[in-house]
Amino acid sequence: MAKNLLSTFRTASRLATSSHLKPAPTPKCHPRHFSLTPRRRLMETSGFTEEQLTVRDAIFKICANFSDDYWMERDQTETYPHELHAALAKDGWIGIALPEELGGSGLGISEATMMLQTIAESGAGLAGAQSIHANVYATQPVAKFATPDQRDRFLRRIISGEWRTCFGVTEPNTGLETLKLTTTATKDPSGDSYTVTGQKIWISSAQVATKMVLLARTTPLEEVKKPSEGLSMFYIDFDLTQPGLEAKKIRKMGGRAVDANQVFFDNYRIPADSLIGAEGQGFKIILHGMNAERTLLAGEALGLGYAALTKASTYARERIVFGRPIGQNQGIQHPLASAYMHLEAAKLATYHAARLYDRSNPERPDYDASITQHAVGVACNSAKYLAAEAAFTACERSVMSMGGMGYAADYHVERYLRECFVPRIAPVSREMIMNFVGEKVLGLPRSY
Ligand SMILES: Cc1cc2nc3c(=O)[nH]c(=O)nc-3n(C[C@H](O)[C@H](O)[C@H](O)COP(=O)(O)OP(=O)(O)OC[C@H]3O[C@@H](n4cnc5c(N)ncnc54)[C@H](O)[C@@H]3O)c2cc1C
């Protein structure tokens, strides 16, 4: 496992010094009067494993090819960062948490979270991480529940970077009430295919994806004992040139380099062997990916928060007003210091959740049978909540401590602030996490 990773690391190191990437076009922007180059990385890395630190080092090296101005320009022109996906795929990083026999690295969500955090922290922000993350988390239930033949056909080309995945769960009329979703997949009498009809919303990367993890109802809600039954998970070809499938971009506040879409299915035909696992068991199956997604998103939020604090503290050291650096004033220093401590606390929660997720997997050598799925769910939800809030605090304080320049696109923190709302809203909102902890941990009556 580590050998595979280390060879990837060596390739990645070579890549970092190569100039295969075209430099991003220099956007027209105002000259900067202050350096934005950090003196050092802010996150305390003691206690991480050698593998996690190797991942961090290698990903920073790849991301060094993508400047802050590259990400600013991608955001302003709403252009997909294809080059980052290509660079990571070239060195095998897309398959970081997918099985070695399919060409992946066979590492865990602990290492994948570090990868996504590092992408965000490098200055790529949520947009950079979101251009990658569905390929990492949405493929987890496929790897676990698909047949060997399906895994072979579906995952190799994701790992190589030839294909990209999007994740189709949210619907316009049901929102967070996932079990009520109304998109249907109906099996044709021949049994060879299903036809899908319905609508999804907020589907990231649908404009560039070749595959979609789709959750659809195969048995009407009225005919099942529990609402969590009768939903099925499919791994479908997502081909916008085919009849019955359409995607429309949604204009949004941040992360504009990565498209979000409304997706319309109108009798869209998919082969029967797009079904993953047993029909009707899709909700349980997809949950496996959802806990991984919460952890990855927590890591991405942390990365964004550390990136913002790095910019703000660099600026606060250099900006002189009233004859001294603004960072010498406690009114600037203390809010940044407390934001840092919140990030560090959320970091512990995030990597604790990732560890529980990984060690609850019976296929791993470090499997711990005492870790329940309830414990994993509580840890992953709590980490996502804490990291999202810590990132928001860090981004908001960074903007405010930089005064007018915090509001200038050239200084990047305004972009981070716009992006940091995503982990607070998605994939599950703050309120629903509170509801979950209130009911399932504190034993309080269900409030909704
Ligand atoms: C940028 C972005 C990218 C996304 N990418 C994807 C994607 O790729 N794939 C995908 O499937 N989805 C995606 N989503 C969707 C995301 O997961 C949903 O937006 C999220 O789950 C919230 O659902 P909703 O927007 O329908 O909110 P709603 O369900 O309409 O809720 C609205 C508000 O009401 C609150 N609320 C609702 N019910 C309760 C209650 N009982 N108690 C307390 N508060 C309540 C919620 O917390 C929330 O604040 C994305 C969203 C965004 C913004």
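Visitor: What makes you say that helix 2 and helix 5 meet?

Guide: Two residues are in contact if their C-beta atoms, placed from the backbone, lie within 7 Å. By that test Glu 51, Gln 52, Val 55, Arg 56, Ile 59, Phe 60 and Cys 63 of helix 2 meet residues of helix 5, including Ser 110, Met 114, Thr 118 and Ala 124, so the two helices are in contact. Bear in mind that the model is predicted: local features need pLDDT of at least 70, side-chain atom pairs pLDDT 80 or more, while totals for chains, interfaces and linings use all residues. Numbering runs from 1 along each chain as its sequence is written.

Visitor: How do you describe the packing of helix 2 and helix 5?

Guide: Helix 2 (residues 50-63) and helix 5 (residues 109-137) pack at about 30°, axes 9 Å apart. Axes are lines fitted to C-alpha atoms over the stretch in contact, and angles run from 0 to 180 degrees between N-to-C directions. The helices themselves are DSSP runs of H or I, at least four residues, strands are E runs of at least two, and both are numbered from the N terminus.

Visitor: Why is one crossing called left-handed and another right-handed?

Guide: Left-handed means the near helix is turned anticlockwise from the far one by less than a right angle, right-handed clockwise. Helix 10 and helix 14 cross left-handed, whereas helix 2 and helix 5 cross right-handed. Helix 10 (residues 373-401) packs on helix 14 at about 145°, with axes 10 Å apart. Among the residues that meet there are Tyr 385 in helix 10 and Phe 436 in helix 14.

Visitor: How do you know where the ligand lies relative to domain 2 and domain 3?

Guide: Domain 2 (165-280) and domain 3 (284-440), with bounds from an automatic or database assignment, both give residues to its shell, so the ligand lies between them. A residue is near a molecule or strand if its C-beta atom, placed from the backbone, is within 6 Å of it. Of the 22 residues around the ligand, Gly 175, Trp 202, Ser 429, Glu 431 and Tyr 448 come nearest. Strand 1, strand 3, helix 13 and helix 14 each give two or more. The shell holds 14 nonpolar, seven polar and one charged residue.

Visitor: What makes domain 2 and domain 3 neighbours in contact?

Guide: Eight residues of domain 2 contact 10 of domain 3. On the domain 2 side, five are nonpolar, three polar and none charged. The domain centres, over C-alpha atoms, sit 29 Å apart.

Definitions and conventions. Nonpolar A, V, L, I, M, F, W, Y, C, P; charged D, E, K, R; others polar.
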